[in-house]
2 protein chains.
Amino acid sequence: MARKKNSHIPEPSVRRLPLYVPLLRDELAKGRERISCSTIATQYGFDPTQVRKDLAATGAVGTARVGFKIDELLHAIEDLLGWRRLKNAVLIGVGNLGHALLNYKAFKHYGISIVAAIDSSEEKIGWEIEEARIYRLEDLVTIVKEKNIEIGIITVPAPAAQEVADYLCEAGIKGIWNFAPVVLQKPDTVFIENVQLSTSLAVLTNHLEHQNT
Amino acid sequence: MARKKNSHIPEPSVRRLPLYVPLLRDELAKGRERISCSTIATQYGFDPTQVRKDLAATGAVGTARVGFKIDELLHAIEDLLGWRRLKNAVLIGVGNLGHALLNYKAFKHYGISIVAAIDSSEEKIGWEIEEARIYRLEDLVTIVKEKNIEIGIITVPAPAAQEVADYLCEAGIKGIWNFAPVVLQKPDTVFIENVQLSTSLAVLTNHLEHQNT
């Protein structure tokens with residue numbers, strides 16, 4: 001299969017590609033071998049041209065009228081998204097959300113492995129949740145080095161988030177997945193992706209509150 | 001305070017406004033009375049003109065050189081986002097993530113109250129997590145009516161999500177907060193907001209994978 005390396009893919013495509021993965025895995029499990037853009041587009045209610053562009057960005061090459069070989073397409077998407085090489089992560093803040101993320105076994109299908117956690121409550125130090133042991137914040141630099149950690153996941157309350165981000169950046173982390181409802185300041189060398197639940201909820205509650213006014 | 005009802009606010013403003021709330025609450029707690037757009041902009045590294053537009057959209061009126069009264073501004077933002085009237089919600093799928101969301105007490109500050117949950121495992125039926133009791137899926141219609149529920153939160157695995165969404169729509173829900181990595185089909189009368197963790201993670205892992213290539 002032809003496959004060209006292309007790191008500059010439009011972010012909307014990067015955001016849509018993961019959505020195709022469950023369908024492709026499902027089709028493979030059913031023993032299907034090929035799938036067309038229009039089949040995928042129909043499943044998701046997307047425009048076929050958009051799907052075609054998303055798939056072209058992966059470098060996978062389809063055949064006219066026959067479509068893509070599903071295993072090759074899946075491989076190309078996972079490769080592009082960086083899901084075929086496990087990156088180690090440390091999670092900071094083992095509250096409700098942190099705990100849930102530590103327990104989520106499927107992250108390995110999405111390219112990350114949470115190998116350590118940090119918490120400020122003394123009684124949690126030394127606990128193990130799945131593969132992650134809980135350490136103190138002052139151990140962060142050592143752990144990041146020893147365990148070759150690239151990603152920091154921030155699940156602390158908002159007022160503590162910037163301090164935690166500073167520690168992560170100093171420890172040499174490359175990317176941060178931030179769940180705290182704050183805009184973090186960081187050096188240019190660190191990439192931040194935010195999951196802001198309050199912001200997402202606001203879009204929903206704003207709509208419900210004002211749709212009839 | 002002048003306050004005009006305005007339901008057609010640009011979504012980017014709706015997504016930024018929740019970010020200002022922690023700062024405003026914090027300033028109020030410190031006994032401050034007024035805040036300016038430029039102070040807020042500096043705190044977040046945003047453009048002051050953008051902050052001014054966001055705040056203008058709430059209908060709150062500031063005074064030149066003195067800024068906004070913090071309590072009035074907070075009130076206006078919360079009002080706009082629909083956070084001053086609690087909306088009842090039912091959560092479907094009490095796995096790790098569902099459990100974490102049920103335990104999250106701060107949702108009431110964001111305008112929702114999870115008053116019931118649904119799960120498919122028989123042994124969980126009747127459990128109570130915070131204020132939510134767990135019911136069977138076949139009880140959904142009755143519960144939505146009895147408890148005056150407007151929002152459905154979907155935390156089931158991807159293959160079950162569309163069926164659950166169909167049940168919610170039939171039960172008369174107005175909005176869905178969807179955590180499953182699927183694009184849901186729904187009637188025009190129902191509003192869906194997605195939190196797709198795999199998609200968010202993909203943006204991060206794609207960047208880390210290809211930034212050096």
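These questions and answers cover selected residues and ring pairs in a predicted model.

Biologist: Which loop of chain B holds R65(B), and is R65(B) buried or exposed?
Modeller: R65(B) sits between α3 (48-57) and β2 (68-69) of chain B. Its relative accessibility is 89%. Exposed means over 50%, so R65(B) counts as exposed.

Biologist: What is the phi of N148(B)?
Modeller: N148(B) lies in the loop between α6 (140-146) and β7 (149-154) of chain B. N148(B) is exposed, at 56% relative accessible area. This residue is not glycine, yet its phi is positive, near 55 degrees.

Biologist: Which side chain of opposite charge is nearest to K124(B)?
Modeller: K124(B) belongs to the loop between β4 (112-118) and β5 (128-129) of chain B. K124(B) is buried and has no salt bridge. Beyond four places in sequence, its contacts include V94(B) and I134(B). The nearest side chain of opposite charge, 4.0 Å away, is D119(B).

Biologist: How many aromatic pairs does the structure hold over all chains?
Modeller: One cluster, linked by ring pairs, has Y104(A), F107(A), W177(A) and F179(A). Over all chains, the number of aromatic pairs is 14.

Biologist: Are the rings of W83(B) and Y110(B) stacked or edge-to-face?
Modeller: Both residues, W83(B) and Y110(B), are buried. Their ring centres are 4.8 Å apart. The planes stand at 90 degrees, so the pair is edge-to-face.

Biologist: How many residues apart in sequence are the parts that W83(B) and Y110(B) tie together?
Modeller: W83(B) is in the loop between α4 (70-80) and β3 (87-92) of chain B. Y110(B) is in the loop between α5 (96-103) and β4 of chain B. The pair therefore ties together parts whose separation in sequence is 27 residues.

Methods:
Residues are numbered from 1 along each chain as its sequence is written. Chains are lettered from A and ligands numbered from 1 in the order in which they are written. This is a predicted model: local features need pLDDT of at least 70, side-chain atom pairs count only at pLDDT 80 or more; totals for chains, interfaces and linings use all residues. Side-chain values use heavy atoms; hydrogens and water are left out. Helices (H or I, at least four residues) and strands (E, at least two) are DSSP runs, numbered from the N terminus. Buried means under 20% relative accessible area, exposed over 50%, partly exposed in between (1.4 Å probe, protein chains only). Lys and Arg count as positive and Asp and Glu as negative; His and the chain ends are not counted. Contact means heavy atoms within 4.5 Å. Rings of Phe, Tyr and Trp (its six-membered ring) pair if their centres lie within 6.5 Å; planes under 30 degrees apart count as stacked, over 60 as edge-to-face and the rest as tilted.
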